[in-house]
Amino acid sequence: MSATAPLPSARAQGASPWHELDPLTRLVVALGTVAAALVLGGIVCLSLLAALTVLVPAAVARELREVLRLSLLLALPLGVSVVVVNVLFSPGTPAEGALLATGVVLRILTMAGAAVLFYRTTRPAELLASLQYHGVPSRATFVIHNGAAMIPRLAERAREVTEAQRARGLDTEGNLLRRGRGLVALAAPTVLGAMAEVETRTLALETRGFTRPGRPTLLWTPHDGPVQRLARWGVLLVLIVLVLEHLAGVLPC
Amino acid sequence: MTEVRLEAVDFTYPDGTRALDGVDLVVPAGSALALVGANGSGKTTLARHLNGLLRPSSGRVAVDGIDAAERTVAQLARSVGLCFQRPDRQIFGRTVRDEIEFGPRHQGVSSEDAFGRVKALASRLGLGEDLGAHPDDLGDTRRKLLTIASVLAMETPVFVLDEPTTGLDARGVDRIEHIVRELVEAGRTVIGISHDMRFVAETFERVVVLDRGRIVLDGTTEEVFAEDRWPALRGAGLEPPEAAVIGTRLGLGSTPTEAAIVGALTSRAARR
Amino acid sequence: MSATWLRVGGGLAVFALIALAGLAALGGLEFDEALDTFTLVMVVAIPAGIATYALIEYAQTRRIDSITGQFDTRTLVLMPVAIALNIVLGTAVASALKIPIYFDSIGTILVAALAGPLAGAVTGFLANVIWTYLAPPPFGSPFAVPFAVVAVVVGLMAGTFARWGWLRPRPDSSGRRLLVGGAISIGAVVVMVVIALRAWLAAADGSSLAPKSDDTAFFILGWLVVLLVVGTAVGLVVLLVRRRDLAAAYILAAGVLTGIVAAFIAAPIAAGLFGGVTGSGADFVIAAFRRAGADLEQAVLGQSLISDPVDKVITYFVVYLILGAMATRTKARFPQGRYLLPLNESEDVRDRAAPER
Amino acid sequence: MLRLAGVSYRYPGAGHETLHAVDLELYPGTVTGLAGAEQAGKSTLCLVAGGLAPRVVGGTVNGEIDIDGQDTRDWPMHRLADLVVTGLQDPGGQLSLIAETVFGEVAFGPANLGLPYDEVVSSAEEALRLVGIEHLRAHDPTRLSGGQQQLVVIAGLLAMRPRYLVLDEPVAHLDAASAKLVLTAIRAAATAGTAVLMAEQRPEAWTACDAVAVLGHGNILATGAPDEILSNPRITTLGIEEPAEVRLRRRLSEAGLDPELMGSAS
C-alpha cells in the first residue's frame, strides 16, 4: 500500500518538504516544542528552541509570515497581561519583573508558534489517517478529529439559535440581568440541539459497522520512513535529557 | 393595520453571493401571500429582512410605514412574528407550556394572560393535552406545531411561517392550512414560505415566485399556476401543483386546487 | 460493591504514593522548587493510578468493563460536542467577559455525568490538547495544553460525584433533609468565603476588604463576578426553597470540592509556566495580590482558590440545568445516565439492554 | 428474505408496547413502502428491522427476526452491518464528519468492515455511480444541500453492499426536486438486487414502491400493491395522505360526478 490512494480526500497538500512529512512527525515536533518550552527557562534557551523547531520549519514550509502573524495575534493579549502583572505590580524591582516577563512572553510565543505551525500545515483528515496508520484505535481518532470539526459546527448552530430567539423578541442588547436570562435562551437550544444530533450520528455509525473490533481499512498512507521514525524518537530523547538537566540545573536554561 | 413594504431591496452575503436583486413587494395589511422558490432562490433571506435579522445592502424595508432600519430586532419582533423551519433550533423549554409562554412573557405579558393564550392556542393546534409534556417526547409534527404556537402566542399583526409543512403528516398539514385561514379571517397579515405547492395552492390567494433573488411572478394562484406560466415556474426550479397538471390534462383551464377541478367538472357536466 | 472499593482504593493509593514520592524526591513541598516539577509528577501519578485501577479490575474479572463500558458509541459521539463546548464557551468567556472564571469544563462535567469518570477525564484531556493544536482561529489558545492535567482530575471527580447520585434531581425533599441540605450549602459557601478572605487577607495584610474604589477596572470586574455568583446562588436557592430540590446542596458541595482540588493543581502550573498570567480576568486578581505584596506563587494560589470553586459551582449548576432539560429517555441511554434520574424513575429504566460490544 | 414474525417492542421505561405482533417480509429487488401517521410506530419498526433496536437504543423485543433464514437476534451490531443497514430522517446528522470529501464519507462503511483496500474503493465508486453523485466525490459533505447530503448518506449505506436497506422517511425534509433524485436512487438500488423498506408520509414516495404496508397503532393493518392500498378510503382515518389522483376520484364521486371523468391515471 505504498502508493497514495487515488483519494482526493487525503493527498499530501502543498509542495514544501515540511508538508510532505508524515503528519505524526509534525505533531511530535509540535508537542515536543511545547513540552520543552514548559521545562526550559531563560531567554537564550527559549530563543534557540523557537528558532530550531518553529522558525526554521515555518520557513521551509513557506508559512513564516503567517506563523509569525498568527502567533503574535494569539500571544499579544497574554503578553500584555504578563507585562502588566509582572512589571507594574511586581514586588521586586521593575528590572527583575521585566526579565521574568520577557522569559514568559518568549515561552508563550514559542508555544503559540508551534501550535500555529502545526495547524497551518496539517489538515485534520491527514492527521486522522496518519494516526490510524500508526495504530491509534479508530475510536480515538474519531473523537480527536471531530473534537476540532465540531467547533465551527457548534458556533454556526449558536448563530442560528440566536437568530431564532431574537425573532421571538429575545433582546441581546439591554442590561446584564436580561442578558443573563438571554444567555440561557441561547445556550440551551444550542446544546440540546447538538445533543439531538448525537443520537442520530450514534445510530448512523453503529449501522455502518463502527463498532467492529479490529482496525478499519486504511485509505491513505502517509510518507513515513526510517529517517522520520528516528527523528521522532530523537525528539523524545532530547526532551527527557532536557527535563533531567533542568532538574539537575546543569545548563543555564 | 400593519402593511409590509419592500422597495428595491438588494442583499449580498459577506461571502459575496447576491441573494436579493432589486425586490419590490407590497403586502397590504390583513392579506396573505405565499412566497415560493427553489433552494437558494432567496426566500429565507427575504423573510429575515422582514424582522430586521438581515438589513438590506440597498433599498428599504418598511413595516407599518416605519423604516425597519430604525428599529431593533426585538422591537420589530412586536409587529413581525417569524417562525423558523427547524424546531431544534428554537425549542428549549422544559415543558410545552414554558416554550409557548417564552415569547409573550418576554414582551411583558402577565403570567395569567400568557397562560390564557397558551391554553387557547394549544387546543387549536391539537396540543391541548401536551402542556406538561417534554418537547422531546412529542413527535416531529407536534414539535413543529409547538414552534408555530410559540410564535403565534406573541399575537403579532404580521406572521411569517418559514416552511411550515416540512416533515408533517397529513393531519399536521391540514392543521396548518386551517390556522392560516383563521389568521387571515382575523385580519392578520400572513406570509407563508414553502416549496409544497399543494399547500400553497390550497391555502393562499396570492403567490409570489422568487428566482435567484428576483420576483419573476406575482399573482393569484389561478394566474401563477396557469399552463402558460409553467415554463417560467420550471425556469425557477418549481413544478406546478398536481391539481393544475390534472386539470390541464382534462382541458379545464387553470385549476390550482382539487376543489377547482371538482367545480370545473361540475359546471362542465351541468352545461351538457 | 467491595470489588469496586478495592479497585478505587488501590488506584488512589498508587497515585498518592507516586505523587508524594515524586514531590519529595524532586524538591520538597515548599512552593519554590516544587513548582516546575509539580506538573511532571501529576503527569506520571494520575495515569499510574488509573492503570492500577484497571489492573485490579482485570485481575478480578479478566475484563475491564467498568472502563470500556464508559466508551460506547453514543459517548464517543457525545465527546466531540463536549470538547467543542469547552473550547467555544471557554474562548467566549476568556476573551469577551474578562471575569476570573473559566467556564471551560462544561463539556468535561457533562460527559463525566452521563458516561463516567474516565470518559469525562479523556474528554477534558483531549479538549485542552485540541484547544491548542487543532482549534481553528479565533478559537486557538496556546496555553490550554498544560492544563490538560487539571481537566483530567475534574472529569474523574465529576464522574464519581455523578455516580454517587449528586446530580440527581431531588424535588420535594422532606423538611428535615432540606434543613441538612441547607446546612451543607451554607457550609460550602462559608468555606469558599473563608478561603477567599484568608487568601485576600494574607495578601492584603489586613487592608480593607472591599476593592479600592479608585481602581475602576477592578471595581467593575468585582461587580461582574458578584452578578454571576449571585445569579448562580439565587438559582440554587430557588432550587432549594421553591422547588424543594435538595440537589442545590449537592451541586454546591461538588462545585467547591472540585474547585479546591483543581485550584491546588492549576495554581503551580499557572505560576510556574506563565508567571500566573492566563489572559483572562484572573490576571486582575493576581495583579491585586502582587501589588499587595504577595509573591507570585501565593498570588496565583490565592486567585485560584477564589476563582476555581466559583467557576466549578457555576459549571455544575449549568450542567444540572442542561441535564434537567434533556428528556429522560435520552439520559437513560448513556452508560451512567440512570444515576442522573430522580430516584423513583431510575428503577424502571434498569432493563435497558446493555448494547453488545 | 428479511422476516419479522409476531414482533413486538417496548422502549425502556415505557408502560406500553410501541409495536405489537408485527409481521413483515422484505424480498430482494423490491421496495416496500411503510405508511402510517406520526405516532403509528414507523420509526420504531425501522429501528427494529435494521437491528438498531434493542442493540443501540435499548428496550425489549419479542417474536422472531431472521435474515435469509438465520436468527440474528443475538448478533452484535457490527455482524449485521453487511446484511442490513438503516438510513434516518436528518441527513446532516448521519454524516460521520471525519471525511473531508464525499468519497471519504461513502467509503467510511466499507472501511469499517475491514474489506481489502481495492474492494473499499470499488464499492464506494459503484455506490456513487448507482446514486448518481460521482460529480460530488471531491466536495465537502457538510457544505452540501439537504437533498445532496441524503444522497451521500444513501450511497454510504449502499457502498456496504447490504442485502437489506431500511430508510426512515428519507425525503421528509426535501423539496420536490431533491425528493425525486432520492426516490430514483432508491429504485436503482432495488433494481440492483437490494430489498428496501422505506417508511414515508409523502404520497409521491409510493410511486417508487412495489408494495405498501399500512401501520396503525403499532401493528400492520394491511399490505398490498400501492394502488390497491392507497385507494382504500379508510387510510385517511389513519392519517395517511392519499395521492392526488385517488383523493380527486373520491371527491368527484362525493360531488355526484363519475370518477371516470378523470380519464386514465397519468
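**View 1. Helices α2 and α3 of chain A pack in a roughly antiparallel arrangement.** In this predicted model, α2(A) and helix α3 (residues 43-60) of chain A pack at an angle of about 165°, with their axes 10 Å apart; angles under 35 degrees count as roughly parallel, over 145 as roughly antiparallel, 65 to 115 as roughly perpendicular and the rest as oblique. Axes are lines fitted to C-alpha atoms, for helices over the stretch in contact, and angles run from 0 to 180 degrees between N-to-C directions. Helices (H or I, at least four residues) and strands (E, at least two) are DSSP runs, numbered from the N terminus. In the contact, Val29(A), Thr33(A), Ala36(A) and Ala37(A) of α2(A) meet Leu46(A), Leu49(A), Thr53(A), Val54(A) and Pro57(A) of α3(A), where contact requires C-beta atoms, placed from the backbone, to lie within 7 Å. These residues divide into 7 nonpolar, 2 polar and no charged; Ala, Val, Leu, Ile, Met, Phe, Trp, Tyr, Cys and Pro count as nonpolar, Asp, Glu, Lys and Arg as charged, and the others, Gly among them, as polar.

**View 2. Helices α2 and α6 of chain A are roughly perpendicular to each other.** Helix α2 (residues 23-39) of chain A packs with helix α6 (residues 124-133) of chain A at an angle of about 100°, their axes lying 8 Å apart. From α2(A), Pro23(A), Leu24(A) and Leu27(A) meet Glu126(A), Leu127(A), Ser130(A) and Leu131(A) of α6(A), a contact with 5 nonpolar, 1 polar and 1 charged residues.

**View 3. An open sheet of 6 strands in chain D has mixed pairing.** The strand order is β6-β7-β8-β3-β9-β10 (chain D), and two strands pair if DSSP finds at least two bridges between them. Because β6 (84-87) and β10 (219-224) of chain D each have a single partner strand, they stand at the edges, and one side of each is left without a neighbour in the sheet. On average, neighbouring strands of this sheet are turned by 20° against each other, direction ignored. β6(D) pairs with strand β7 (residues 164-168) of chain D in the parallel sense over 4 bridges, and Gly87(D) stands opposite Leu167(D) in β7(D). Helix α6 (residues 146-158) of chain D lies across β6 and β7 of chain D, running at about 170° to β6(D), whereas helix α7 (residues 176-191) of chain D lies across β3 (31-35), β7 and β8 (195-199) of chain D, at about 150° to β8(D).

**View 4. An open sheet of 4 strands in chain D has antiparallel pairing.** Its strands follow the order β2-β1-β4-β5 (chain D), with β2 (19-26) and β5 (70-71) of chain D at the edges. Strand β1 (residues 2-10) of chain D and strand β4 (residues 60-67) of chain D pair in the antiparallel sense over 7 bridges, and Arg10(D) stands opposite Thr60(D) in β4(D). Helix α1 (residues 42-49) of chain D packs on the sheet, touching β1, β2 and β4 of chain D, and its direction makes about 120° with that of β1(D).

**View 5. Chain C, with 14 helices and 0 strands, touches chain B.** In this contact, 4 residues of chain C meet 5 residues of chain B, and the side belonging to chain C has 2 nonpolar, 2 polar and no charged residues.

**Notes.** Residues are numbered from 1 along each chain as its sequence is written, while chains are lettered from A and ligands numbered from 1 in the order in which they are written. As the model is predicted, local features need pLDDT of at least 70 and side-chain atom pairs count only at pLDDT 80 or more, whereas totals for chains, interfaces and linings use all residues.

Definitions and conventions. Contact = placed C-beta atoms within 7 Å.
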